[in-house]
Amino acid sequence: MTKLRLFALLLAFVPALGLAAGGSPLEASGTDLSDKASLQRGAGLYMNYCSACHSLSLHRYSRIAQDLGLSQEQVEQNLIPGEAKFGENIKTGLAAGDGAAWFGKAPPDLSLTARARLGGPDWIYSYLKGFYVDETRPMGWNNTVFPGASMPHVLWEMQGIQRPVYEQGADGQAHVVKLELVSPGRIDARQYDQVARDISAFMQYVAEPAAMKRESVGVWVVLFLAFFTFLAYLLKSEYWRDVH
């Protein structure tokens with residue numbers, strides 16, 4: 001039994017070890033799939049800032065309209081770029097060869113990022129907040145959550161420019177311990193947090209659209225089980241009333 005308890009304790013620390021290995025600790029995103037306004041804003045931000053390079057090939061524009069409470073006209077006017085059609089999958093116009101030439105590798109499809117990354121939306125949220133200037137990188141940017149990322153900071157005009165503060169670790173290497181905002185963006189830190197949260201929520205939704213319905217149905221399931229438990233208790237009390 002003691003060995004089993006020790007094994008369970010070790011398993012509990014696996015996620016934390018994974019976060020440490022992948023970069024800095026993650027911040028809680030605070031995403032809420034029931035907040036359709038946040039999801040709608042996230043969809044608009046994603047299409048404006050991310051879709052030029054990253055596709056969501058497992059998702060359709062029409063599904064966004066259905067799930068986020070948008071009309072076909074709203075989606076066509078605000079979310080669909082170029083000549084894409086309402087019923088098509090969300091694909092980028094960037095050719096894989098061009099992406100590889102410009103960034104060193106073709107930008108990945110982000111359909112399942114929120115499920116593939118340990119931490120899910122918290123990873124995306126922290127990643128969007130973790131960019132800093134690094135003159136040694138080809139694009140001039142690096143990231144605390146994903147060190148060595150080849151992606152430029154496409155949201156820098158909103159967030160501003162951050163520079164790292166280093167400290168020497170026990171291994172003798174310099175490590176980023178925090179980021180300092182040296183040039184403010186066009187919105188303040190609280191507003192940028194909301195931008196990062198909205199994009200994270202949208203990508204969380206895209207990775208598993210059924211989660212929205214599952215969460216809403218789950219409430220009714222719990223209520224049903226609670227009511228059924230109450231009925232079962234009354235039935236048990238009736239059966240055992242005359243038993244001494």
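**Salt bridges**

Biologist: Which residue meets Asp67 in a salt bridge?
Modeller: This is a predicted model, where local features need pLDDT of at least 70, side-chain atom pairs count only at pLDDT 80 or more, and totals for chains, interfaces and linings use all residues. Residues are numbered from 1 along each chain as its sequence is written, and side-chain values use heavy atoms, with hydrogens and water left out. A salt bridge puts a side-chain nitrogen of Lys or Arg within 4 Å of a carboxyl oxygen of Asp or Glu. At 2.6 Å, N to O, the side chain that meets Asp67 belongs to Arg63.

Biologist: Where do Asp67 and Arg63 sit?
Modeller: They are four residues apart, so about one helical turn separates them. Helices here are DSSP runs of H or I, at least four residues, and strands are runs of E, at least two, numbered from the N terminus. The pair lies in helix H4, residues 61–68.

Biologist: Is Asp67 buried or exposed?
Modeller: Buried means under 20% relative accessible area, exposed over 50%, and partly exposed in between (1.4 Å probe, protein chains only). Arg63 has 32% and counts as partly exposed. Asp67 has 13%, so Asp67 is buried.

Biologist: Which residue forms a salt bridge with Arg163?
Modeller: The closest N and O atoms are 3.1 Å apart, and the partner is Glu135. Arg163 lies in strand S5, whereas the loop between strands S3 and S4 holds Glu135, so the pair ties together parts 28 residues apart in sequence. Arg163 is partly exposed at 36%.
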